[in-house]
Amino acid sequence: MKTTLLLFSLLISISAMCQENKKYTESMKRNIAMLDTATSMNTLQLATNSFERIANAEKDEWLPYYYCAYGIGRMSYLLTDKTTVDPMLDRAQVFIDKADSLQKDNSEIYTIKSFILSARIMVDPMTRGAQFGPQSGVVLEKAIQLDPENPRPYMLKGTAALYTPAAFGGGKDKAAVLLQTAIEKYKAFKPAGELMPDWGEQRAVQMLEQCK
Amino acid sequence: MQKLITLALIISYGSSILAQTPLSGTVSDKKGEPIIGANIYIKDSYDGTSTDANGKFSFSTFESDSQSLLFSYIGYETFTLPIFLNGVPQELKVIMTEVVNELNTVVITAGSFEASDERRITILRPLDIVTTAGAAGDTYGALQTLPGTQQIGNETGLFVRGGDASETKTFIDGIAVADPYFTGVPEIPSRGRFSPFLFKGTFFSTGGYSAQYGDAMSSALVLESQDLPDRSTTNIGLMSVGASIGHLHRWKNTSLGIYGSYINLLPYTTIVKQRVDWTKAPESTNGSLIFRQKTSKTGLLKAFISYAPSNSIINYPDINDTTGSQIPYNVRNQNLFANASYKELVAKNWTLFSAFSYSSDRNDIVIDQADSIQNDNTLTQGRITLTHPMGNLSTLRFGGELQHAVYTDAFKNLFVDFSDSIKNNYAAAYAEADVYVSQKLVARIGGRLENASLLSEINFAPRTSVAYKTGKDNQLSFAYGQFYQQPDHYFSYSSHPLTYSRADHYILNFQNVTDKQTFRAEAYYKSYKNLVSTNPDTTNDGQGYARGLDLFWRDKKTIPYADYWISYSFLDTKRKYLDYPIEATPTFAAKHTLSLVYKQTIPSINVTVGTTYVFATGRPYEDPNDDPQHYLSQRTPNFHNLSLNASWLTAIFQNFTVIAVSVNNVLGFDNIYSYQYPSDGSEAGRIAIKSPAIRSYFIGVFMSIGEDRGEDE
């Protein structure tokens, strides 16, 4: 009788644990889908808020922090008042640093770090380009070095090249080569899990169109 | 058995089945405006939601008992509300507070112009300095387009608000620079020694500055050098006046840069017609080393050493000789400047800054092959500052500095053979607190104790500022301070014991800064006491005043890809000093000065073109025929200058290259800076002092070879 009782309670706690895990996976999947299709400030805000809530409950997972930073980074591009860009990116930086502390030397995290630095340029491209452009480039190189098969750093590198004048080492030709590489890598890329980053392919194709 | 399972289920899920609590409410800011998209959640749980377009929210949670409900939104302090969940619906009303940041907090601005990439609200950025037409890539040239400065075409230095050039002091990483300008010949202004690219921040104060800086009565130019660079680069520059080369290597936590330049104006002065006679056109060499070491996560060590010898010979017409004979003037200079600084967080909330420097400057001047002048000055100095934040915004800063100077001067001709040396020890201690009464009101209270061994007297200089934020983008500030300065060491050779000269500043400032536009108005009054007077004897009996209004408007918004600024200065000043027989408006003060700087970028071809127009009313000059009551009562003609520049960003062999061209005084205004009279005072014999050439031209190609060109695969 005692054994049965013990067994049952064990079974119940395992099922509870599974339920918890399922809750995490389901919530993440739902939010990732939301983030992938979001185009408006409002939807991005709702998605990043949800990731922040998941991060709040699952403190050992790096992915909620990662998506939170990525979502905020995307929001910063939609801001019209450029004075609000820096405070927003400061927050994105806090989240990606959290992710970095949970998952060291991860190519995807370094990609977002570079994404945040690039976003800072648009506050004042004339003066900030020279400062944050190279910094963002160095971090991106690190992302490639950590995982040469990750297509996202190539996509960001191509995008940066497209918006950088040829004189500064950018230009359409250079961008096209990088984006082509990114697209090839996207084709071969298989995310390590269903919640792992898998964004940007469509963007790479769009960017390549602009290079023509 | 059945019962047991039910029991276990109840134990396990008990709380969640028993109570689901509905929570709803509104979130707004202090003004009552709804906050849209605020994140609301129960700590350590999944439960939560975001506010809608009306700032409203509602959700239900299975959590129970005592919990924390968190409200977060970018730009606002995260708000934690303790809550007890027991199934009873709760309606909440939450007001969130904005995070304290630069945009919504008042800062001390009276008297200061700041150019940096660090702070987000700045008036000029480092790049602005090098792209300003007429500045010729010189920091001091660019600062002359700001209000409060004078256009003095025949003397070296910055003349700020009625002060002479010695009243402006340059500081690099906290260290006073004894000789910030190249040593040149009289009546031709010299450039600053240090490239604007060395610095990440420029803080230019036209008055009322911090107690950290002293021995300057009018103005402080505080330069902060670059931190660890992002990557290794090699730079090559080819100019119409010389060449430069540099290599900077970056390791993980260390960087070392080595730079060399050679400037020779001979080819240039041969091609471009000169109104002066150069026997030896200015020639200078410069070698420098820049070292950076990141000592920890928060510590940075910087070291810089620069050595520059220069030589030039110019022939001045002998004003007292009608046969047209000339007086050759030869100046050779050797300048060494070395400094090191270290900044580290030494304890929780305590930042230590320390700096050490040694510099020497040696001049060998021979006039008319007969008079020989030698000056050999060395300055050794150190500084320590501790900074401690108090609460959220306020800061306490204190520290001290020591300077040990040795001056050796020799003057020799057929009749005189003078040689002497003097030492001076200068010590100062300072303390300053920025006290925030609220986010809208700040007061800076500080003071400085100074002692110079040559003057054997201790003085205390109080400094205060108050700033109040009058609106979202604007603020009003007031500053008062006492500023002491030691008389030039030459006066110490005379037997009269001297004391410090002193200026008191009263400044009222209003500024409105938005993302792309800046408006700034500043009115000031300065009183001078104890100025050195040499007429009839060398004493501290001189005095004077300066008052005026400075206006500044900068706009990067109205015209696409354009950036322009307008500066206007009104200056009313008089002083009795040096050999002035009466109180008079000094030679370096124009009543009205107007500068207009315009820059236009053409992105399609990567070209930026710029123009600078400067107007100043005439300045006083001395006519020896006037009786002493009318000393300096005559004015030179008004000054006009129009300069153009263009820079083209391109790639040469895939290396980032800037090609820059500039022309100073395009329209060929024949500006007269002053007049010099022969010893008999005859009007016919007087000489107008003008720039060495009516126009000046510059062309340069600067190439930057970056090392990690990973994109070239």
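How far apart do the C-alpha centres of domain 1 of chain A and domain 2 of chain A lie? The answer is 18 Å. Before I go further, please bear in mind that this is a predicted model.

Let me begin with chain A. The domain assignment divides this chain into domain 1, residues 40-146, and domain 2, residues 149-212. To the contact between them, domain 1 of chain A brings 12 residues and domain 2 of chain A brings 9 residues. On the domain 1 side, helix H5, residues 107-121, and helix H6, residues 125-146, each supply at least two of the residues that touch domain 2 of chain A. H5(A) gives the most to that side, with 6 residues. Sorted by class, the side of domain 1 of chain A that touches domain 2 of chain A has 5 nonpolar, 6 polar and 1 charged residues.

I turn now to a pair of helices in chain A. Helix H7, residues 151-163, packs with helix H9, residues 201-210, at an angle of about 25°, and their axes are 10 Å apart. Because of that angle, H7(A) is described as roughly parallel to H9(A), the cut-off for that term being under 35 degrees. The crossing of these two helices, H7(A) and H9(A), is left-handed. Which residues meet there? From H7(A) come Met155(A), Gly158(A), Thr159(A) and Leu162(A), and they meet Arg203(A), Ala204(A), Met207(A) and Gln210(A) of H9(A). The residues of this contact between H7(A) and H9(A) comprise 4 nonpolar, 3 polar and 1 charged.

Next, chain B. Its domain assignment gives domain 1, residues 2-96, and domain 2, residues 112-712. Here the C-alpha centres of domain 1 of chain B and domain 2 of chain B lie 60 Å apart.

Thank you for your attention.

Notes: Residues are numbered from 1 along each chain as its sequence is written. Chains are lettered from A and ligands numbered from 1 in the order in which they are written. This is a predicted model: local features need pLDDT of at least 70, side-chain atom pairs count only at pLDDT 80 or more; totals for chains, interfaces and linings use all residues. Axes are lines fitted to C-alpha atoms, for helices over the stretch in contact, and angles run from 0 to 180 degrees between N-to-C directions. Helices (H or I, at least four residues) and strands (E, at least two) are DSSP runs, numbered from the N terminus. Angles under 35 degrees count as roughly parallel, over 145 as roughly antiparallel, 65 to 115 as roughly perpendicular and the rest as oblique. A crossing is left-handed if the near helix is turned anticlockwise from the far one by less than a right angle, and right-handed if clockwise. Two residues are in contact if their C-beta atoms, placed from the backbone, lie within 7 Å. Ala, Val, Leu, Ile, Met, Phe, Trp, Tyr, Cys and Pro count as nonpolar, Asp, Glu, Lys and Arg as charged, and the others, Gly among them, as polar. Domain bounds come from an automatic or database domain assignment.
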